[in-house]
Amino acid sequence: MYELVIIGATSNICKTKVFKNLNSFNEFNKIYCYGWENWDNNDFIFYLLTNVKGNIINLIPKIQFIQGNYNDYHITLKNIVGHNTIIYVATPPICYESLLNYNKNLNLNCKIIFEKPFANNYTEYKNLELYVKNNVYMIDHFLYKADILDIINKHKNTEINYFKISFIYSEDVENRLGYFDKTGLFKDMFQSHYLSVLYELIGDKIDNLLYSKINKNIRKQYHNYGGKNKNIDTYFYLELEYDDCKYIFESGKKMPDNREIVINDNSYTIKSYENEYELFFKELLNHNNKNIFENQNKFWKFYHYIEDNKQLYIYNE
């Protein structure tokens, strides 16, 4: 059996996805939930029961809340982390350097998993990469969506002359303004999710997109966005061409729901969202995970190539 430590246990991704996925995952006999809040265990369980979407009744007996700062792990985790521990990190990238430094001095066979984006820019990524050991992983839950896995299996390494990925969400980002003011939707979706999916389909051919023609590169922000950064994007549309193939990447918030991938003449609606983290942890414990760190250099270079050619428009509802 394994134990799980969740750093940033009150994050949005934990609240909406991770905990309900773990409810039916029996390989963890203890789940330590790390947060800065001045809570006891009962406070945290009350938070889970009132905020988490989905059934979590099987988790409650396994939960233990740990109160601590995001730079003193060597103290707060000293008697918790062992060889069979998985550390899952759901905090913003600003916390990653202290976690990597903590991991650098661990002489254990534990695994540490970081959510994307691993950094805020290419320079920051290169600095953090210096601390990455072979027990460090990154998760991109898009690669564990059942519908996307089916598409990849069907079209991997086939000839593609048209590719479109579009994830439009009706919800806004008003409960995540601290994150979005610094990140924006393009960095949140394109640099990791979208390029990860495309890489699984075309492999190293993705490097050619550094030489692609940019037909459209649009950013917008929905009306009455509550954040302080009035230039941050909550919608983007990017259209590229290379070697007679068109690539379209689109995502938006506070718009009519529509999630699809189109490859050549085949259009797929993406519906399956429920068990990405369960699939990820199963593969991790069976040592079958792809470690997507090896692709991050090229993804960041491509991201900055696009950023150097962006336009910003304001989207009015």
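Predicted model: local features only at pLDDT ≥ 70, side-chain atom pairs only at ≥ 80, totals over all residues.
Residues are numbered from 1 along each chain as its sequence is written, and side-chain values use heavy atoms, with hydrogens and water left out.

The structure holds zero disulfides, a disulfide being a pair of cysteine sulfur atoms within 2.5 Å. C33 takes part in no disulfide, and the nearest cysteine sulfur, which belongs to C14, lies 7.7 Å away. C33 is itself buried, with a relative accessible area of 0%. C14 is among the buried residues of helix α1, an element that spans residues 12-22 and is mostly covered, with eight of its 11 residues buried. Helices (H or I, at least four residues) and strands (E, at least two) are taken as DSSP runs and numbered from the N terminus. Besides C14, the buried residues of α1 include K17, V18 and F19.

A search of the whole structure finds 13 salt bridges, each defined by a side-chain nitrogen of Lys or Arg within 4 Å of a carboxyl oxygen of Asp or Glu. One of them joins the side chains of E276 and K145, at 2.9 Å from N to O; this pair links distant parts of the chain, with E276 in helix α8 (residues 276-285) and K145 in the loop between β6 (136-139) and α6 (146-155), 131 residues apart. Both partners are buried, E276 with a relative accessible area of 0% and K145 at 1% relative accessibility.

A salt bridge also connects the side chains of K253 and E171, at 3.9 Å from N to O, and it spans 82 residues, from the loop between β10 (245-252) and β11 (258-263), which holds K253, to the loop between β7 (162-168) and α7 (177-202), which holds E171. Here K253 counts as buried at 8% relative accessibility, while E171 counts as partly exposed at 37%.

In the salt bridge of D207 with K298, the closest N and O atoms are 3.5 Å apart; D207 lies in the loop between α7 and β8 (213-220) and K298 in helix α9 (residues 296-307), 91 residues apart. D207 is partly exposed at 31% relative accessibility, as is K298 at 22%. Salt bridges that share partners join K17, K145 and E276 into one network.

Definitions and conventions
Buried < 20%, exposed > 50% of the residue type's maximum accessible area, 1.4 Å probe, protein only.
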